Amino acid sequence: MPEEEPVVQVGDLDLRFADEVASQPGGEHIRRCFACGTCAAGCPITEVDPDYNPRKIVRQILFGMRDEVLSSPRIWYCLVCYRCYARCPQKVNFTDVMRALRYLAIKGRHAPSDVLKRIEELDRLAQSLRHNLVQYSFEKRSELLDAFRNKVEEQLKGMST
Ligand code: SF4
Ligand code: SF4
């Protein structure tokens with residue numbers, strides 16, 4: 001079920017936030033967004049988590065919802081697959097906007113260090129799993145799938161302890 005939206009308080013908005021994001025590499029065209037939602041329609045993360053919505057994140061940035069955006073765990077969900085950028089009719093580079101948000105979150109200490117450590121570990125695991133799968137698609141060796149399964153099982157075991 002989608003999460004209940006918090007009420008936006010005008011006094012909490014930071015009207016310079018959109019400029020700050022636009023000044024980061026890749027964030028330049030964020031104001032071009034006309035909220036068509038094409039980015040959300042093709043995003044693999046939105047498919048598994050309907051509360052993750054690139055269109056909505058862009059709106060929040062443009063409205064100045066700085067703290068809400070930078071402290072949201074969702075800015076760490078993006079797979080950096082560039083699908084949203086490829087499909088955006090306005091050429092808003094949402095993928096690099098996410099990179100900019102991560103940078104600003106770290107710079108502004110919005111992300112606790114234990115969370116960052118965990119994210120780094122998960123990123124490393126994701127890269128390694130991806131490597132196994134890509135390699136398997138070229139060389140159909142069963143040991144590559146076994147290595148993939150072992151890594152996932154090991155990770156799941158670590159998460160349940
Ligand atoms: S696809 Fe582009 S224009 Fe449409 S909502 Fe997403 S960022 Fe905005
Ligand atoms: S780059 Fe991130 S936001 Fe864009 S489609 Fe991929 S996972 Fe979704």
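This briefing walks through the domains, open spaces and aromatic rings of the structure above.

Welcome to a predicted model, in which local features need pLDDT of at least 70, side-chain atom pairs count only at pLDDT 80 or more, and totals for chains, interfaces and linings use all residues. Residues are numbered from 1 along each chain as its sequence is written, chains are lettered from A and ligands numbered from 1 in the order in which they are written, and side-chain values use heavy atoms, with hydrogens and water left out. The chain is assigned domain 1 (10–107) and domain 2 (113–160), with bounds from an automatic or database domain assignment.

**Domains and the largest pocket**

- Taken over C-alpha atoms, the centres of domain 1 and domain 2 are 27 Å apart.
- Both domain 1 and domain 2 give residues to the lining of the largest pocket, so the pocket lies between them.
- A pocket is found on a 1 Å grid over the protein atoms alone, as an open set of points with protein on both sides within 12 Å along at least five of seven lines; lining residues have an atom within 4 Å of a point.
- The largest pocket has a volume of about 880 Å³, where volume is the space filled by probe spheres set on grid points joined across faces, edges and corners.
- Its lining has 27 residues, and Tyr77, Cys78, Leu79, Asp123 and Ala126 lie nearest the centre.
- Helix H8 (residues 113–138) gives the largest share of this lining, ten residues; helices are DSSP runs (H or I, at least four residues) numbered from the N terminus.
- The lining of the largest pocket divides into 19 nonpolar, four polar and four charged residues. Here Ala, Val, Leu, Ile, Met, Phe, Trp, Tyr, Cys and Pro count as nonpolar, Asp, Glu, Lys and Arg as charged, and the others, Gly among them, as polar.

**Enclosed cavities**

- Two cavities of 30 Å³ or more are present; a cavity is a set of points where a 1.4 Å probe fits but cannot get out.
- The largest cavity holds about 100 Å³ of space, and of its 13 lining residues, Cys33, Cys36, Cys39, Cys88 and Val92 are the closest to its centre.
- That lining has ten nonpolar, three polar and no charged residues.
- The second largest cavity, about 80 Å³ in volume, is lined by 14 residues, with Cys43, Pro44, Cys78, Cys81 and Cys84 nearest its centre.
- H3, H6 and helix H7 (94–107) each supply at least two residues of the second cavity's lining.

**Aromatic rings**

- The whole structure has two aromatic pairs, meaning rings of Phe, Tyr and Trp (its six-membered ring) with centres within 6.5 Å; planes under 30 degrees apart count as stacked, over 60 as edge-to-face and the rest as tilted.
- Tyr52 and Tyr77 are stacked, at 6.2 Å centre to centre and 25 degrees between the planes.
- This pair links distant parts of the chain, 25 residues apart: Tyr52 is in the loop between helix H3 (44–48) and helix H4 (54–63), and Tyr77 in the loop between helix H5 (66–70) and helix H6 (83–87).
- Tyr52 is buried at 1% relative accessible area, whereas Tyr77 is partly exposed at 35%; buried means under 20%, exposed over 50% and partly exposed in between (1.4 Å probe, protein chains only).
- Tyr82 and Tyr85 have ring centres 6.4 Å apart and planes at 55 degrees, so their pair is tilted.
- Lys91 lies over the face of Tyr85, 5.6 Å from the ring centre; a charge sits over a ring if NZ of Lys or CZ of Arg is within 6 Å of the ring centre and within 35 degrees of the ring normal.
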